[in-house]
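Visitor: I am new to this structure. Please take me through a single part of it, up close.

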Amino acid sequence: MTRIAIVTGAGQGIGEGIARQLAQDGLSVAVADLNEENARNVAEEIGNNSRGYYVDVSDKKSMFDLVDHVVKDFGKLDVFVNNAGIAKIGTILDTTEEDFDQIVSVNLKGVLFGIQASATQFKKQGTGGKIISASSIAGHEGFELLGPYSATKFAVRGLTQVAAQELAKDKITVNAYAPGIVLTKMWDQIDAEMAKIYHVPIGETLQKNIDSIALGRGETPADVANLVSFLADPKSDYITGQAIIVDGGIHFV
């Protein structure tokens, strides 16, 4: 029987890469995004009976509604990927309360709501399940000018560890992936903002970060998706509570 996965923030970037890989793995993917048109386009492209859905991960009801709609359409849920996230660039002193609240709402509350919504469904089914969330290398070591982002990614690791312990008895595994310098629109935004702050040409900060990677190249969404593919597969059934770094060799822990 075909397995069913939900991927949030899957209308572009890393989330799209994850959705594509899971569809290639034979799963039907609920491609969920704030931009429903993007979600539907990706779902159509990746095939395997995948469908696009609207979701606002910062809204608890929206997340629970998403799970309900997917289960109504597909009959069950097997994998939930909390991928949606945002980044804001700036110093700690310049961080506004509004910016901080927004990044916490998306990056942290969104993960909490995703864990709650998917685990509730998994327990109802009695089948176990897999919850996989987006942390970051910035969740292992804080990055300059990415203070609130780093804080939320550290917190995702905490939620992952606690949820893994609490849900193990229900045969639900909870893990996270921690990407490095992924060549997406988010890193284009980070590079452009850092160029302004450091008064350097656009591209210089990004290249400096790429030069620090042992494998000598920037990361692609497919690199991240390969790890998520493993965490979504029964082959990873004995792994839980982990935030696995996939960065090409930046951090060694």
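**The largest pocket**

Guide: Start with H6, which gives five residues to the lining of the largest pocket, the largest share. Keep in mind that this is a predicted model. The volume of the largest pocket is about 880 Å³. Its lining has 41 residues. Nearest the centre lie Asn83, Ala84, Gly85, Ile86 and Met186. Several elements give two or more residues to this lining: helix H1 (13-24), H4, H5, strand S6 (172-179) and helix H6 (185-198). By type, the lining has 21 nonpolar, 16 polar and four charged residues.

Now look at two of those contributors, H4 and H5. Helix H4 covers residues 97-125, and helix H5 covers residues 147-167. Their axes come within 9 Å and cross at roughly 15°. An angle under 35 degrees counts as roughly parallel, so H4 is roughly parallel to H5. The crossing is right-handed. On the H4 side, the contact includes Phe100, Ile103, Val104 and Leu108.

The lining has 17 residues, with Glu144, Tyr198, Thr205, Lys208 and Asn209 nearest the centre. Eight of the lining residues are nonpolar, five polar and four charged.

How values were computed. Residues are numbered from 1 along each chain as its sequence is written. This is a predicted model: local features need pLDDT of at least 70, side-chain atom pairs count only at pLDDT 80 or more; totals for chains, interfaces and linings use all residues. Side-chain values use heavy atoms; hydrogens and water are left out. Axes are lines fitted to C-alpha atoms, for helices over the stretch in contact, and angles run from 0 to 180 degrees between N-to-C directions. Helices (H or I, at least four residues) and strands (E, at least two) are DSSP runs, numbered from the N terminus. Angles under 35 degrees count as roughly parallel, over 145 as roughly antiparallel, 65 to 115 as roughly perpendicular and the rest as oblique. A crossing is left-handed if the near helix is turned anticlockwise from the far one by less than a right angle, and right-handed if clockwise. Contact means heavy atoms within 4.5 Å. On a 1 Å grid over the protein atoms alone, a cavity is a set of points where a 1.4 Å probe fits but cannot get out, and a pocket is an open set with protein on both sides within 12 Å along at least five of seven lines; lining residues have an atom within 4 Å of a point. Grid points are joined across faces, edges and corners, and a volume is the space filled by probe spheres set on the points. Ala, Val, Leu, Ile, Met, Phe, Trp, Tyr, Cys and Pro count as nonpolar, Asp, Glu, Lys and Arg as charged, and the others, Gly among them, as polar.
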